[in-house]
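I opened the model to look up helix packing and sheet order. My entries follow the order in which I checked things.

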Amino acid sequence: MPSEVSMEKIVSLCKRRGFVFPSSEIYGGLGSFWDYGSLGVELKRNIKNMWWKAIVQERDDVVGIDTSIMMHPQVWRASGHVDTFADPLVECKSCHLRWRADEIAPPSPDLSHQGRGITMEVSPAEREERGACPECGGELTEPRMFNLMFKTSVGPVEEEASTVYLRPETAQGIFVNFENVVTTSRKKLPLGIAQIGKSFRNEITPGNFIFRTREFEHMELEYFVKPGSDETWFEYWVKERLAWYLKLGVGKENLRLRQHGKDELAHYAKDCYDIDYLFPMGWSELEGIANRGNYDLGQHAKHSGRDLSYYDAEIDERYVPYVIEPSAGVDRAFLAFLIDAYHEEVVEKETRVVLRLHPLLAPTKVAVLPLSRNEKLRPLAKEIYQQLCPKFVTCYDDSQSIGRRYRRQDETGTPFCITIDFDSLEDHQVTIRERDSLAQIRVPIEELEKIIEAKLKGESFDTTPLWAARQK
């Protein structure tokens with residue numbers, strides 16, 4: 001991570017340039033909820049599209065699904081979320097603020113894996129170790145388990161029988177549809193089912209901007225395999241997912257793999273690796289890849305009474321598949337890509353802020369910039385803008401000096417600026433300015449679309465023949 005990057009700079013950039021805003025800001029905001037602005041929604045969409053392309057579109061062993069946010073409450077009892085999806089909570093007896101117990105002091109053995117699924121019995125000595133309230137120094141209560149799922153009701157009568165939950169993960173929607181997908185897709189194992197969707201967790205201590213929020217998007221793959229082949233596929237997906245971030249430009253020095261210790265593995269997991277990123281607050285999880293064994297299908301078969309085993313015709317055997325799960329947060333990926341792309345450099349004695357986003361992730365691909373607001377330049381500039389809009393996310397800007405407009409585009413990550421000047425009216429050529437190298441090349445207007453498309457794909461493009469053809 002470049003040394004000049006701080007979370008404060010990223011938050012400021014996001015607000016100033018329209019990437020992310022506080023939710024309900026005119027009413028004072030709502031804690032840990034965020035809205036994505038015009039540039040943010042494009043970057044977020046590009047991240048999801050690149051994930052979907054790599055996971056589903058380019059493979060023949062994965063299909064997609066989109067399941068509902070609210071599901072039958074028995075789903076969450078079968079998965080263990082009703083009983084175990086909880087964090088240890090303490091409350092200050094003076095100011096009444098609440099904190100996660102494992103973040104107040106070094107966790108005791110009873111607080112492993114953030115206390116989820118653990119029955120807590122804390123001795124007086126351990127209570128002394130927990131320390132005081134971080135806000136006012138007051139005495140803290142004993143920990144109690146706090147379930148992280150949001151509750152709501154279905155139907156006009158609010159009673160226990162109508163209680164449902166907003167999903168805390170998208171995975172369970174995949175597991176309960178396993179039989180449906182196998183039947184309708186007519187595919188054999190190994191088979192992956194992918195989903196992108198919103199999840200909700202009533203986090204006690206959210207923070208670090210969009211890193212930990214109460215509403216977020218998941219990109220999850222459940223990859224079903226024959227028992228005994230799970231370790232090979234687990235290793236495969238760990239490498240595959242790490243390579244995806246590197247391919248999209250994240251610095252290798254800012255990524256690491258961390259294997260979970262036996263004392264922090266989730267109760268259902270056989271093995272798990274985190275892909276960590278070096279955020280401004282330190283190394284933190286970007287994505288998790290878990291070998292979930294056959295826990296999930298086994299639990300849903302037990303609670304629903306349905307046979308969720310798979311018949312393998314090749315070996316004439318029926319078994320409950322094992323599952324490898326790469327699970328990534330869209331919002332965390334969004335933050336990591338922004339941080340990694342952020343650079344400050346001095347150009348002509350001025351500090352240039354530039355987002356060196358991979359061109360395929362950049363919110364705006366092309367900016368059309370007439371040299372000035374002169375009426376003679378506008379018709380051609382607008383014509384070029386209309387020509388490029390159907391093919392690329394394009395913006396038109398003729399406000400302020402050309403230098404200031406370049407800087408605005410640099411700061412929002414636009415890879416290419418197209419400048420129309422007075423010579424363009426005569427020679428039908430325009431200037432392409434590249435964000436990272438600051439190189440400028442002159443190209444014929446009729447070849448503009450082809451050249452930009454090639455550059456977005458990372459292909460080199462020799463413009464000499466075009467120049468020669470134009471001169472003739």
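Which elements do the buried residues of H8 pack against? I found E3, helix H7 (171-175), E9, E10, helix H10 (295-304) and strand E14 (310-312). Contact here means heavy atoms within 4.5 Å. Helices (H or I, at least four residues) and strands (E, at least two) are DSSP runs, numbered from the N terminus.

Ground rules next. I am working on a predicted model, where local features need pLDDT of at least 70, side-chain atom pairs count only at pLDDT 80 or more, and totals for chains, interfaces and linings use all residues. Residues are numbered from 1 along each chain as its sequence is written, and side-chain values use heavy atoms, with hydrogens and water left out.

**Helix H8**

I listed Phe178, Val181 and Val182 as the buried residues of H8. Buried means under 20% relative accessible area, exposed over 50%, partly exposed in between (1.4 Å probe, protein chains only). Down the axis of H8, these buried residues fall within an arc of 100°, so they line one face of the helix. The arc is taken from the directions from the helix axis to the C-beta atoms. Thr183 and Thr184 are exposed, on the face turned away from the buried side. Just after H8, I noted a positive phi of about 60° at Arg186.

**The sheet**

I traced 7 strands in an open sheet, in the order E3-E9-E10-E16-E13-E12-E11, with mixed pairing. Two strands pair if DSSP finds at least two bridges between them. Strand E3 (62-64) and strand E11 (255-259) are at the edges with a single partner strand each, so one side of each has no neighbour in the sheet. E10 (residues 215-225) and E16 (residues 322-329) pair in the antiparallel sense over 6 bridges. Glu220 stands opposite Ser327 in E16. Helix H8 (residues 178-185) packs on the sheet and touches E3, strand E9 (191-200) and E10.

**Helix H1**

Which residues are buried in helix H1 (residues 7-17)? I get Met7, Ile10, Leu13 and Cys14. Their arc around the axis is only 125°, which puts them on the same side of H1. Their cover includes strand E1 (20-22), helix H11 (330-341) and helix H13 (402-412).

**Whole chain**

The protein chain has 16 helices and 23 strands. Buried residues make up 51% of its 472 residues.

How values were computed: Axes are lines fitted to C-alpha atoms, for helices over the stretch in contact, and angles run from 0 to 180 degrees between N-to-C directions.
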